[in-house]
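The following report sets out selected features of the structure shown below. Attention is given to each chain in turn and to individual residues.

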Amino acid sequence: MVLAVRSRDEQERARALETVVAAYWRPVYRHVRARWRAREEEAEDLAQGFFATALEKGWLARYEPARGRFRTYLLACLEAFVANQRRDGRRLKRGGGVTLVPLESQDADGETRELQLADGSDLEAEFQREWSRSLFALAVEALRQRCLGTSREVAFLVFERYDLEDHDASQRPRYADLAAELSLPVTQVTNHLHWARLELRRTVLEKLREITASEEEFRAEARSLFGAEPS
Amino acid sequence: MKTPGDGALDRLRQVTQWPDLSGTRYELQSEVARGGMGVVYLARDRELERDVALKVIAVAAADPDTAARLRREARILARLEHPGIVPVHDVGELPDGRVFYAMKLVTGKRLDELVRESLPLREKLRLLLRICEPVAFAHARGVIHRDLKPENVMVGPFGEVLVMDWGVAKHRGEPKLAGDPAAPSAGSPPNATAHGTIVGTPAYMAPEQARGDVERVDARSDVYALGAILYFMLTGRAPGRLPASPDAPTRTWAGPRHANVAPGIAAPRELDENLPRPLEAICLKALALEPAERYPGAAELAADLERFLEGERVSAYPEGLLGRARRFASRHRTPILVLLAYVVMRVVLLLVARV
């Protein structure tokens, strides 16, 4: 799917670009903050500028799957871009006036995590972790949208309360608590939970397929995400 | 769109692979451990309101042979009712067809973690005695563990010992399953427990087991592994592993009685000269290359260890007259000192009386 960024069909190309930007905006922003010690505003400008320039100059379309993972290619492009920006002392105006992704939506966790990164290998691992985070966020959002206004809305609610809320094991509600809260039998809670987890996995893999260029890359990335081959 | 925090991200990655427990009495709480054949989860038993450990076949391994193997592991555990063996509560099948079994949730430390906390020697030996007990019990019922190692022994907060992971155990006379683990297969990871590969951990595996000589694998193969655990407890490393420092001694032990250990295994006293010779002899007898030269079972190894702890003569160590006298003196130190004091006093009194 990522190869669709060079499609002649404008609609297909636009959709592919949108997916890539949505999945990578946050990893790019966080990387610029950590690797280049950029302040928040500068990092936002650089991230926006990077995607704007990448689209304008066709960097994404020049990606060759045979030469490695898309993620690695994108990171190399980013490094070159920021190095050039820093060397020239230039600061782009937020993607030349084009806002690619609403910034406030990317910082929903309020940047509470510290940027404590020591060397290159940690930076790359952090880039991958942020990429996973973006991918799961996209998949959760897609699942939420799919359930809204349907009979599955309650399934998403159960999933949100049990798995999505960031609490430790001791604070997690019991199935019986959720069942009482939502006036459901306990068996329904487990059914909903299982359905939502399966759907989320399927959606993550769907999104992953959209931002990888080959079956081989897709399987490798799935292994790194889940620790096992997708079934 | 809310971005998940670190904790939520890790949980999402886990739960999207969790098995479907609907229709069972268990609620999954978290993943505890992952092996070649299955994944162990912490789960809540709603009926009995207690936490249990749930072993479920890994998705990737959900085939009939693996299912049969997990059921067999549960049955073997159910037959071995012993305080040193983790009890199985339940076995069943999930809605997606995967087999699972529920067992007691074990808390505590793994033996390898505990030994690194520099326990006194006698404490270590008492721990090994407690490991020998369930193994001897299993041997008496025709079951051989085949993967004993420090990582498979849990020590509870009150010193209780549990021998874990009977996934590759063999029951005497039991029909062989397809892909039955017996010896390392070429190209397979050395300690994988997945279907069709072999098992055991090389440093703790008896030579006949490592060669894949299935017919010769018996209780004495477990004795070898117990000897390897003793070696680890005495020296801090598994037998046969190269020393971390190039200056550390590497000479192969060549004593008069146990020159038959595998080449490359340094004698424990070469790594720590303060270790008692009889204890070293016990360890090396258990590690003998030929099964016939080892203790016949875990009970016999335990008996020799107990004799050592009591200051008695051990079967593995042929001691001379001087050795016997030294051991006798050390064992009866107080009466000997009293007797000596009495003799000295009598001599002094005699001398005084003559003057």
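Helices (H or I, at least four residues) and strands (E, at least two) are taken here as DSSP runs, numbered from the N terminus. The model is a predicted one, in which local features need pLDDT of at least 70, side-chain atom pairs count only at pLDDT 80 or more, and totals for chains, interfaces and linings use all residues. Residues are numbered from 1 along each chain as its sequence is written, while chains are lettered from A and ligands numbered from 1 in the order in which they are written.

**Chain A**

The secondary structure of chain A consists of nine helices and zero strands, and the order of elements from the N terminus is α-α-α-α-α-α-α-α-α. A residue is called buried if 20 or more other C-beta atoms lie within 10 Å of its own, exposed if 12 or fewer do, and partly exposed in between, with C-beta atoms placed from the backbone. By this criterion 37% of the 231 residues of chain A are buried. Two residues are in contact if their C-beta atoms, placed from the backbone, lie within 7 Å. Among contacts in chain A between residues at least 6 apart in sequence, those joining residues at least 24 apart make up 67%.

Helix α6 of chain A spans residues 153-164, and its buried residues are Ala155(A), Phe156(A), Val158(A), Phe159(A), Tyr162(A) and Asp163(A). Viewed down the axis of α6(A), these buried residues fall within an arc of 160 degrees, so they line one face of the helix. The arc is that of the directions from the helix axis to the C-beta atoms.

Most residues other than glycine have a negative phi.

**Chain B**

Chain B has eleven helices and ten strands. Of its 355 residues, 40% count as buried. Residues 24 or more positions apart account for 59% of the contacts in chain B with a separation of 6 or more.

Which helix comes within 8 Å of α4(B), axis to axis? The partner is α9(B) (residues 298-309), whose axis crosses that of α4(B) (residues 121-140) at roughly 155 degrees. The two helices are therefore roughly antiparallel. Axes are lines fitted to C-alpha atoms, for helices over the stretch in contact, and angles run from 0 to 180 degrees between N-to-C directions. Angles under 35 degrees count as roughly parallel, over 145 as roughly antiparallel, 65 to 115 as roughly perpendicular and the rest as oblique.

The residues of α4(B) that meet α9(B) include Leu125(B), Leu129(B) and Cys132(B), and those on the side of α9(B) include Leu301(B), Leu305(B) and Glu306(B). By class, this contact has twelve nonpolar, one polar and two charged residues. Ala, Val, Leu, Ile, Met, Phe, Trp, Tyr, Cys and Pro count as nonpolar, Asp, Glu, Lys and Arg as charged, and the others, Gly among them, as polar.

Arg130(B) also belongs to helix α4 of chain B. With 19 C-beta neighbours inside 10 Å, Arg130(B) is partly exposed. Leaving aside residues up to four places away in sequence, Arg130(B) touches Gly84(B) and Val161(B).

Phe328(B) lies in helix α10 (residues 321-331) of chain B and is partly exposed, with 13 other C-beta atoms within 10 Å. Phe328(B) and Glu312(B) are 16 residues apart in sequence, and their C-alpha atoms are 8.2 Å apart.
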